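Morning, everyone. Please have the sequence and the model open on your screens.

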Amino acid sequence: MATFLYRVGRLAFRRRWYVALVWAAVLAAVGLGALKAPGASDDGFSMPGIEAQKAFDLMEQRFPGATADGATARVVFVAPGGEKVTATENKRAVEKAVADLADGPQVASAVDPFQAKAVSKDGSTAYASVTYKVAANDLTDAGKTRLERAIDTARDSGLTVEAGGSAMDDGGGPGGVAEVIGVAIAAIVLLVTFGSLAAAGLPLLTALIGVGVSMATILTLSQALGLSTTTGTLAMMLGLAVGIDYALFVVSRYREERAKGRAPQEAAGLAVGTAGSAVVFAGLTVIIALAGLTVVGIPMLTKMGLAAAGAVVVAVLIALTLVPAFLGFWPNAVLRRRARKTGRIEDEGTRNNGGSRWARFVLRRPLPVLLLGVVGLGALAVPMTALQLGMPGDEAKSTSTTERRAYDALAEAFGPGFNGPLTVVVDAKGAADAKGDADPKGTVDPKRAAETVAQQVAQQIGRTEGVVSVSPPRFNQAGDTAVFQVVPSTSPTDEKTKDLVTTIRGERPGVESKTGATFEVTGTTALNIDISDKVQAALIPYLVVVVGLAIVLLLVVFRSLLVPLKAALGFLLSVLASLGVVVLVFQQGHGAGLLGVEQTGPIMSLMPIFLVGIVFGLAMDYEVFLVSRMREAYVHGERPDEAITSGFRHSARVVVAAALIMIAVFAGFIGESDSMIKMIGFGLACAVLFDAFVVRMAIVPAVLALLGDRAWWLPKWLDRLLPNVDVEGEALSRRQEADQEADQGAGQGADQKAGQGTDPQADPEAGPHPAGTPGREVART
């Protein structure tokens, strides 16, 4: 592996113009494809295998033309203090607003609240339900403008008017501000780390090129593969983060090799052969974690994971080819200013620095450091035991939004459960057919029989404890399917509502045996409950698959049995701690105000899966980069404690910089108004903080110090089975030693013949050399 990548690095350096032109052509091609590609389709959120989804599918089948995932808006009218919406002037304003809404483009219907009896008992509040012919993402600007204009007109009459529903969704997600913040902080970190504008700018430039290629490819394929507009969010976030990190590691190793006296081309080859090997395996762990999201069985999550995995593949290819090509254009620009001016480079890997001093501190006190790290993360993980999953809705939004104010107004006027009604779909086809078969004379009307059965089901559910009201059943044209709504007494995210859904579904066998008909419970509330249950059930299999594959991969990389196990256990500590902190802030409310979280509630159902998948890949990044340098030193003859110190001396500063960049990118999303984006950004930033600074920088060296030589033990039979990929570059070291011996022999022969040695400055591409170390002459590029 190292030898092959070494050749790739040298080739990219030597053929830099071709490499740059190829990537420019790729970017232009996918960019042109993205411009010409049709807009991303919106297939709606689909969750195969759950009852709520089956009920949605049945509704679409039995009620043709009534799209289950069509956009909706609920416009709430509240009369001024002491007045009623039924008063003449107020009623006229409401009816005019409803008429304006009904005339809007893409509107299927707008229901008058006075005809639908959608007025609160005290007469202070009414609401109008607006249904659209298309999904929320397909609403045009004209449709949204008409909705906003109707609301503003009604407000001018003196009414308080707010609106909620999917039609009010502005698309959510980051609008670019988070990425700008992350890139700005990353630039500062890189500048401090490298002390060179070029060295700081190169990882940023290549990462942005990689993100451009990835996002343009996703947009180009969105229509063909059915990718939604949200698919690229994760790809952009991860592509930017790992793109900067991978280029950072290659550039750092290039500078290190230059400090040893290598010529630029040779240094680029060695950087790609060593750090590039770590990049490949680190990238593979991220790809495994993201591709493993297919285990969950959620199509949207699968597409997001695969798209993000594709972005990581691009980042790896960029780091292995475009980074050394750019180094070929400016071989000395990435060096420190003093080195460019004086022509001499200090070899920072041979002297003490913060990394080596920290390693020695841990080596002196491995057990206290280990206990402190484990106990600290364990304490932060405790709140995770109270984790409550759900899908936060309008109640989690800021009170400055009209959606949140509409939610509060409806809850006050109609009760907390009104915002999350359950939809019950009664399939009476079997019962109607049975009635018809039992009546050969045809005296029984099958439609009337189905209506009777549906009424019986509605009455029985209405008697269930926790149900406030049940709407009259609405039948399809064939008369064999009915739909009615059930309003719970508790809010959509309340645990009692989940218990109610379980109770209603538990009554199904009895209803079916009595009436011959069956029913299913759906609606947004039931769908969110089913999603939470499915995600929880999939979490353990997902962990087993991802962690298992990654342990096998790390076995190959480190040729050690204990190091991969230690890496996996450390990851579990960091991810549990980060989940505990998320629960502490977003569910229990501790410090929520500092992050702008106005309403606490359940944690987003997909949050644990997102956190596990993304953080596992990134955690293994740090593990590979840090421990591979220790392994490299150990393989080259250093004692275990010396190898730990050597690994930290060379890699600690770069790993810290990489982690700070990751934290900056993810923390930028905390400033978003969307609570789910805020939650994801906060959780990922905390996870990287814990994993990089507590697990990898403290627990890992402490464990390795306690294990000593045993850390690198591998059974002989397993050693024979595993392929030797040579990540630490042992073959390259042997090659370098052979080259040095050949150079020395050639130099001695030349001295005997010509009476003088080789001039170390003879090759202008050799560049500056470290203090006191002559540069070895190499062939020109």
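A search of the whole structure turns up four cavities of 30 Å³ or more. What counts as a cavity here? On a 1 Å grid over the protein atoms alone, a cavity is a set of points where a 1.4 Å probe fits but cannot get out. Grid points are joined across faces, edges and corners, and a volume is the space filled by probe spheres set on the points. Rolling a probe the size of a water molecule over the atoms shows where empty space is left.

A quick note on the source. This is a predicted model, so local features need pLDDT of at least 70, side-chain atom pairs count only at pLDDT 80 or more, and totals for chains, interfaces and linings use all residues. Residues are numbered from 1 along each chain as its sequence is written, and side-chain values use heavy atoms, with hydrogens and water left out.

Let's take the second largest cavity. It holds about 50 Å³ of space. Its lining residues, those with an atom within 4 Å of a point, include Thr206, Ser214, Gly239, Ala311 and Ile318. Which elements give two or more residues to this lining? They are helix 7 (197-225), helix 8 (231-259) and helix 10 (299-329). Helices here are DSSP runs of H or I with at least four residues, strands are runs of E with at least two, and both are numbered from the N terminus. Helix 7 gives the most to the lining, with five residues. By type, the lining of this cavity has six nonpolar residues, five polar and no charged.

Now zoom out. The protein chain has 25 helices and 13 strands. Of its 781 residues, 52% are buried. Buried means under 20% relative accessible area, exposed means over 50%, and partly exposed is in between, with a 1.4 Å probe and protein chains only. Contacts mean heavy atoms within 4.5 Å. Among contacts in the chain with a separation of 6 or more, 79% are between residues 24 or more positions apart.

Next, the cores. A nonpolar core is a set of buried Ala, Val, Leu, Ile, Met, Phe, Trp, Tyr and Cys residues joined through side-chain atoms within 4.5 Å. The largest one has 163 residues, and Tyr246, Leu290, Phe571, Phe610 and Phe666 touch the most other members. Helix 23 (residues 675-707) supplies the largest share of this core, 19 residues. Look at Tyr246. Leaving out residues up to four places away in sequence, Tyr246 touches a list that includes Val279, Val312, Asp621 and Phe625. Another core lies apart from the largest one, with 29 residues, among them Val98, Phe114, Ala126 and Tyr132.

On to the rings. Rings of Phe, Tyr and Trp (its six-membered ring) pair if their centres lie within 6.5 Å; planes under 30 degrees apart count as stacked, over 60 as edge-to-face and the rest as tilted. That rule gives ten aromatic pairs. Are Tyr127 and Phe418 stacked or edge-to-face? Their centres are 5.0 Å apart and their planes sit at 65°, so the pair is edge-to-face. Tyr127 is in strand 3 (residues 125-132), and Phe418 is in the loop between helix 14 (402-414) and strand 7 (422-427), 291 residues apart. Both Tyr127 and Phe418 are buried.

Trp358 and Phe361 make another pair. Their ring centres are 5.3 Å apart with planes at 25°, so this pair is stacked. Both residues lie in helix 12 (residues 354-364), three residues apart, about one turn of the helix. Trp358 is partly exposed at 33% relative accessible area, and Phe361 is partly exposed at 30%.

There is also an aromatic cluster: Trp17, Phe326, Phe329 and Trp330. Phe326 sits in helix 10. With 11% relative accessibility, Phe326 counts as buried. Phe326 and Arg16 are 310 residues apart in sequence, yet 7.0 Å apart in space, C-alpha to C-alpha. Setting aside neighbours within four places in sequence, Phe326 contacts Leu202, Leu205, Thr206 and Ile209.

Last stop, Arg559. Most residues other than glycine have a negative phi. Arg559 has a positive phi, near 50°. Arg559 is in the loop between helix 19 and helix 20 (562-587), and is buried, with a relative accessible area of 10%.

Note on methods: 1 Å grid on protein atoms, 1.4 Å probe; cavity = no way out; pocket = protein on both sides within 12 Å on 5 of 7 lines; lining within 4 Å. Nonpolar A, V, L, I, M, F, W, Y, C, P; charged D, E, K, R; others polar.
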